[in-house]
Amino acid sequence: MRIRRFVATVCLVFFLTSCGTATTNITKENDTFTEFTETIFRARSCSDSLTLNYTLTNPEDYGIASLPKGFPSFSYEDLTKDALADENLLASLKKFDKKNLTFDQQVLYDTLQDTLESDIQGQNYTAFSEALGPTTGIQAQLPVLLAEFRMEDKKDLSQYFLLLKTVPDYFDSLLSLEEKKSRLRTLPCRSSLQNIIAQCQTFLDDSGASILIKPFEKKLGGCSFLSEKEKQAAIAQNKSYVEKYIIPAYQSLTDGLTILLPMAGENGSLSEYPNGRQYYPYLVRQTTGSSRPLSELQTLMTERLNRSHDTLIAYAKKDPSLFTSCQRYVTKYSSPDVILATLQRRMTEDFPLCDNTHYEVKYVDEALENYLSPAFYLTPPVDDSDNNIIYINNSKKYDRSSLFNTLAHEGYPGHLYQTCYMHNKRLPLLRYSLDYGGYTEGWATYTEIYSYKYTGITRDEVGILRNNMIATLCLYGLCDIGVHYEGWDEESLQSFLNQYGSWSSGTASSVYSAVIDEPASYLKYTVGYLEITLLKDKMKNELGSEYTEKIFHTYLLDMGPTSFDILNRYIPLWNKQNSCK
C-alpha cells in the first residue's frame with residue numbers, strides 16, 4: 001500500500017567500468033529498455049482495482065487510461081495461462097545488451113530476469129497455488145484492504161464499488177482452485193482448512209459488516225469531492241453492496257470449503273504431498289530470495305542458534321538479573337511518537353540520511369482491532385511518497401512492552417525508512433512492484449535487532465535482547481524446514497524445541513500449527529536476516545579498514561529489494577562506482 005509523486009525514472013549515472021566525472025548519454029537502448037519495463041509496470045499495476053489503488057494515486061500520469069474492473073478470476077486455468085506470457089517476457093528481456101544499460105537498469109535487468117525465471121519454474125507447481133490462508137490469505141486481509149482503500153476522487157469510489165461487486169465471482173474462482181487441488185491431492189490439510197473456515201465464520205458472525213461500513217462512513221466524511229447528498233448516497237450504496245455481495249461471498253466460500261473438508265488430509269507437511277519435497281525448496285527460494293540449498297540454510301541457522309544460545313547461557317551465569325533489567329527501557333519509551341523520534345535521532349550515525357520521511361501515527365479503528373497486528377506500516381503509492389502512515393493497534397490482547405522494537409521494524413530504521421529511501425532514489429518504476437520478501441522482511445528484522453542499541457540500556461542487556469530474538473528466529477526457521485521437508489510431527493517438533501529450553505506441549509502445538517498453516521513464512525524473516533549478516537561480512541572483507549556500518553547500510557538501501565545472489569554479485573561493482581565519487 002503506497003503514496004508518491006510523479007518522478008523522472010531515467011537519470012545520468014556513472015559507467016560501471018569507468019572512474020571519473022564522465023556520465024553516459026541516454027542511448028536508444030536505455031530508452032527502449034525503460035519503455036519495455038514501464039509497460040510491464042503498468043500491466044502489473046492495473047491487474048486489478050485493489051492493486052492499482054495501492055500502487056498509484058494518479059494512474060493517468062503513467063499512461064493508464066483504461067481502469068480495471070474489480071477483481072480478476074484466480075482459477076487453476078487462469079494460473080496456467082501465465083507461463084507463456086512469462087516466457088515471452090523473458091525472451092524479450094534477453095534481447096537487450098545489459099552492458100549498455102545504466103547501473104540501475106542493470107540491477108533491474110537482473111532482478112526482472114530472476115523474477116521471471118522463478119515464476120516460470122513455479123509453473124511446475126501450480127497445483128500448490130494458494131490465495132487462502134489463516135494469516136496471509138486474501139479472505140483474512142480483504143476486510144482490512146477494503147477498509148483502507150484510498151478515496152481521492154470519484155474514480156476511486158467507482159473502483160471501490162467494482163471491487164465489492166466482483167468479490168463473489170472472485171471467491172468462486174478461489175473455491176474452484178481449491179476444488180481442483182482436492183483432485184490433485186494438494187488441498188491444505190484439515191486443520192488449516194478448519195482455521196480458514198473458522199475465520200470466515202467469525203467475519204460472518206461478529207463484525208464483518210461493521211468492518212466495512214463504519215470506516216467507510218468515517219472516510220467519506222472527509223471527502224471534499226462529494227456533496228453531502230452524494231456522501232449519503234455512497235454510504236447507502238456501500239451498506240447495500242456489503243450485504244448483497246460481501247456477506248454472501250464469505251458465506252459461499254465457507255460452505256464450499258466445508259464441503260471440501262472431508263477430502264483434506266490430516267498431515268499438513270508438504271513432504272507428504274505429491275511432489276511436495278520438490279516444491280518446498282522452490283517455495284523457500286521464492287519466499288526468501290536465497291538460492292542456498294536447504295541443507296546449507298539449516299547449517300547456517302543451527303550454527304547461529306547455537307552461538308546465540310551459548311551467549312545467553314553465558315549472560316545468565318554472569319548476572320541472572322540482566323534478564324529482568326534488560327526490559328527496563330519499556331517504561332521509558334511508551335509513546336509511539338517518542339519512540340519514533342528517538343529512533344530517528346539515534347540512527348543517524350549508522351544509517352544514511354533520507355529526506356521526506358514525513359509520517360503520521362494513526363490508531364486502528366475499533367472495528368478492525370481483532371484483524372490487525374500490534375502495529376503496521378502502509379507502503380505509500382509510487383506517486384505520493386510523502387504520506388507515510390504507521391498504525392498502532394490499541395487492542396487489549398497486545399502487550400505494549402514490545403512497542404519499541406515493533407516500531408523499529410515498521411518505522412525507523414525498518415520498513416518506512418527503507419521505503420522512503422527507495423522512493424528518493426528514483427529507481428526504474430518496475431523496481432517498485434517486484435516483490436522480494438526476503439529482502440524487505442530481512443531488512444526490517446535486521447534493523448529491529450540492530451535498534452536495541454538505541455534503547456539506552458547496557459551493552460550486556462542489548463546482547464541478551466538481540467541473541468534472544470536471533471535464537472527465536474532460528475528455532476522457528478528450523479522448525480519450518482523440519483516439518484515441511486523432513487516430515488516432523490508435533491512430537492518431533494517439541495523434542496527439537498526442548499533441546500533449547502523447556503517448551504510446553506501447548507506452545508509447541510501453537511508453533512506446529514503456525515508452521516503448517518503458512519509454509520516458509522518464518523523463513524523470509526530468518527533467512528533474510530542471516531543473508532544480510534553474510535553480506536555484511538563480505539563487505540567488511542572487501543573494504544577492510546575503510547568499512548563502516550553506514551557504508552554497508554547505504555549499499556543495501558541503494559540496491560533495493562532483489563535476490564541475495566544479485567546483492568552478493570553487485571558489491572564489487574557498487575564499491576568501485578562509489579569509490580569514484
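Keep in mind as you look that the model is predicted. Let us begin with the whole chain. It is built from 25 helices and 3 strands. Its radius of gyration is 24 Å, close to the 25 Å that the globule rule gives for 581 residues, so the chain is as compact as a globular protein of that length. If you draw a box along the principal axes, the C-alpha atoms fill roughly 65 × 65 × 50 Å. Of the 581 residues, 55% count as buried. The chain exposes about 25,200 Å², and carbon and sulfur atoms supply 49% of that area. Contacts also reach across the sequence: among those with a separation of 6 or more, 78% are between residues 24 or more positions apart.

Now turn to the interior. In soluble globular proteins, nonpolar side chains tend to be buried together. Here, the largest nonpolar core has 121 residues, and those with the most contacts inside it are Y280, Y417, L493 and F496. Helix α19, residues 459-484, gives this core its largest share, 14 residues. Apart from this core lies another, of 47 residues, which includes L187, I196, I197 and L212.

Two parts of this picture are worth a second look. One is Y417: leaving out residues up to four places away in sequence, Y417 touches M347, F351, P352, C354, G411, Y412, W443 and L557. The other is helix α19 itself. It has 26 residues and spans 38 Å from its first C-alpha to its last, close to the 38 Å expected at 1.5 Å a residue. Because 21 of its 26 residues are buried, α19 is largely enclosed by the rest of the structure.

Next come the charged pairs. The whole structure holds 17 salt bridges. In one of them, the side chains of R285 and D114 meet at 2.8 Å, N to O. This pair links distant parts of the chain, with R285 in helix α11 (residues 276-288) and D114 in helix α5 (residues 103-122), 171 residues apart. How enclosed are the two partners? R285 counts as partly exposed because its relative accessibility is 22%, while D114, at 13%, counts as buried; the cut-off for buried is under 20%.

A second pair, R190 and E266, also meets in a salt bridge of 2.8 Å, N to O. Again distant parts of the chain are linked: R190 belongs to helix α8 (residues 190-205), and E266 to the loop between α10 (228-260) and α11, 76 residues apart. R190 is partly exposed, with a relative accessible area of 25%, whereas E266 counts as exposed at 60%. Elsewhere, salt bridges that share partners join K98, D110 and R569 into one network.

R150 forms a salt bridge with D156, their closest N and O atoms being 3.7 Å apart, and both residues are buried. R150 is also in contact with T57. You will find T57 in the loop between α2 (49-55) and α3 (76-80). Besides R150, and leaving aside neighbours within four places in sequence, T57 is in contact with E152, P381, D383 and D384.

Methods
Residues are numbered from 1 along each chain as its sequence is written. This is a predicted model: local features need pLDDT of at least 70, side-chain atom pairs count only at pLDDT 80 or more; totals for chains, interfaces and linings use all residues. Side-chain values use heavy atoms; hydrogens and water are left out. Helices (H or I, at least four residues) and strands (E, at least two) are DSSP runs, numbered from the N terminus. Contact means heavy atoms within 4.5 Å. A nonpolar core is a set of buried Ala, Val, Leu, Ile, Met, Phe, Trp, Tyr and Cys residues joined through side-chain atoms within 4.5 Å. Buried means under 20% relative accessible area, exposed over 50%, partly exposed in between (1.4 Å probe, protein chains only). The expected span of a helix is 1.5 Å times one less than its number of residues. A salt bridge is a side-chain nitrogen of Lys or Arg within 4 Å of a carboxyl oxygen of Asp or Glu. The radius of gyration is taken over C-alpha atoms; the globule rule is 2.2 Å times the number of residues to the power 0.38. Accessible areas come from the Shrake-Rupley method with a 1.4 Å probe; for residues, only the protein chains shown count as cover.
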